[in-house]
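Biologist: Before I plan anything around this protein, could you show me how to read its nonpolar core and its charged pairs?

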Amino acid sequence: MSNRGKLEESMKTLEEGIKKVKFILDGYPACKLFASEEYMRYYDCVYLLCVQPPPFDLSAELLNRYHATLDESINLKVLPSLKDKSGTSLLAEFLRIWTNYKAMLKCLGGFFLYLDKKCTDQKRSAPLKEIAFSCFQNGVCNDLLPKIFDAALLLISQDRREEPIDRSLLQGLSNFFVENDGPKKGTYYHMFEEKLLTDTSSCYARIASEWLHSYSSADYILKVERCLNDEKGRLSQFLYPSSVEKLLQVVHLKLIGEMTSQLIEKQKAENNLNSTRYQELLSRCANLNIG
């Protein structure tokens, strides 16, 4: 067989692997799709296609094929699975498909390992994993993220009302944020934090008004203390400590900082609580550690 024929045969063999690897997006485990010798066969195909002298070096074509595989997977598998979903079902499916996408990348990365090393060593492209994450961000997240954020905010709101929720979804979303550049400014995490701060401010401004009219001044203070502890426990499960502190400061501001004068007036009107005891309660809540 001529050299060109060998290269064409290698490309054809690789296409068989690429076709199979997309089934991982449907939930098929890689270990059920590929035996170890198949991994090596596809790796060998990429290696052979990359080490040829010009004009037979097909590294550029392989890089384009890697890009195309990602685009095909997103357009034909990922986006249809998320279409017409909203709320909790959207968030759950988003996290499921992200997990499968990463599993596909791990397998695909094994096939293209030599290309990845060659391109990064020669500074021809970004690492293939970085390219793959960028494709998911541009092809999936940029359009769907507002709905994902809304779904997460709804879950948090339900949790605050002590309705049963699946907190693993919030933890899963937090993990997604960490995997996609973490808490730096301008990242998905930072964008979500900003939305959560705004939502939390509105939520507790409303709660403060409701509690002020529904409870005695002393009971109000005790409810605030419990609320801050509950909120800290809730948020600590899926946010960075710095974010938890910011949010607790917002809660404290809305429930105590902006309500202090009204609470004092309410206590005076009640005239049924020892003033010293009331000040102790107020001081206790004002000095509560929210870090």
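Predicted model: local features only at pLDDT ≥ 70, side-chain atom pairs only at ≥ 80, totals over all residues.

Biologist: Which residues touch the most other members of the largest nonpolar core?

Modeller: In soluble globular proteins, nonpolar side chains tend to be buried together. A nonpolar core here is a set of buried Ala, Val, Leu, Ile, Met, Phe, Trp, Tyr and Cys residues joined through side-chain atoms within 4.5 Å, where buried means under 20% relative accessible area, exposed over 50%, and partly exposed in between (1.4 Å probe, protein chains only). The largest core has 87 residues, and L70, Y101, F112, F136, Y220 and L255 touch the most other members. Its largest share, 17 residues, comes from helix α7 (residues 128-160), helices being DSSP runs of H or I with at least four residues, numbered from the N terminus. Domain 1 (3-142) and domain 2 (196-287) each contribute at least three residues to this core, with bounds from an automatic or database domain assignment.

Biologist: What does L255 touch?

Modeller: Leaving aside residues up to four places away in sequence, L255 touches Y204, I207, A208, W211, Y220, V224, C227 and L263, contact meaning heavy atoms within 4.5 Å.

Biologist: How many salt bridges are found in the whole structure?

Modeller: A salt bridge is a side-chain nitrogen of Lys or Arg within 4 Å of a carboxyl oxygen of Asp or Glu, and the search finds 19 of them. One joins R96 and E93 at 2.7 Å, N to O; these residues are 3 apart in helix α5 (residues 87-111), so about one helical turn separates them. R96 is partly exposed at 35% relative accessibility, whereas E93 is buried at 13%.

Biologist: Which parts does the pair R234 and D159 tie together?

Modeller: The side chains of R234 and D159 meet at 3.2 Å, N to O. R234 lies in helix α10 (residues 217-235) and D159 in helix α7, so the bridge ties together parts that are 75 residues apart in sequence. R234 is buried, with a relative accessible area of 8%, and D159 is buried, also with 8%. Both residues belong to a network of salt bridges that links D159, R160, R167, D199, E231 and R234.

Conventions:
Residues numbered from 1 in each chain as written. Heavy atoms only, no water. Helix = DSSP H or I, 4+ residues; strand = E, 2+ residues; numbered from the N terminus.
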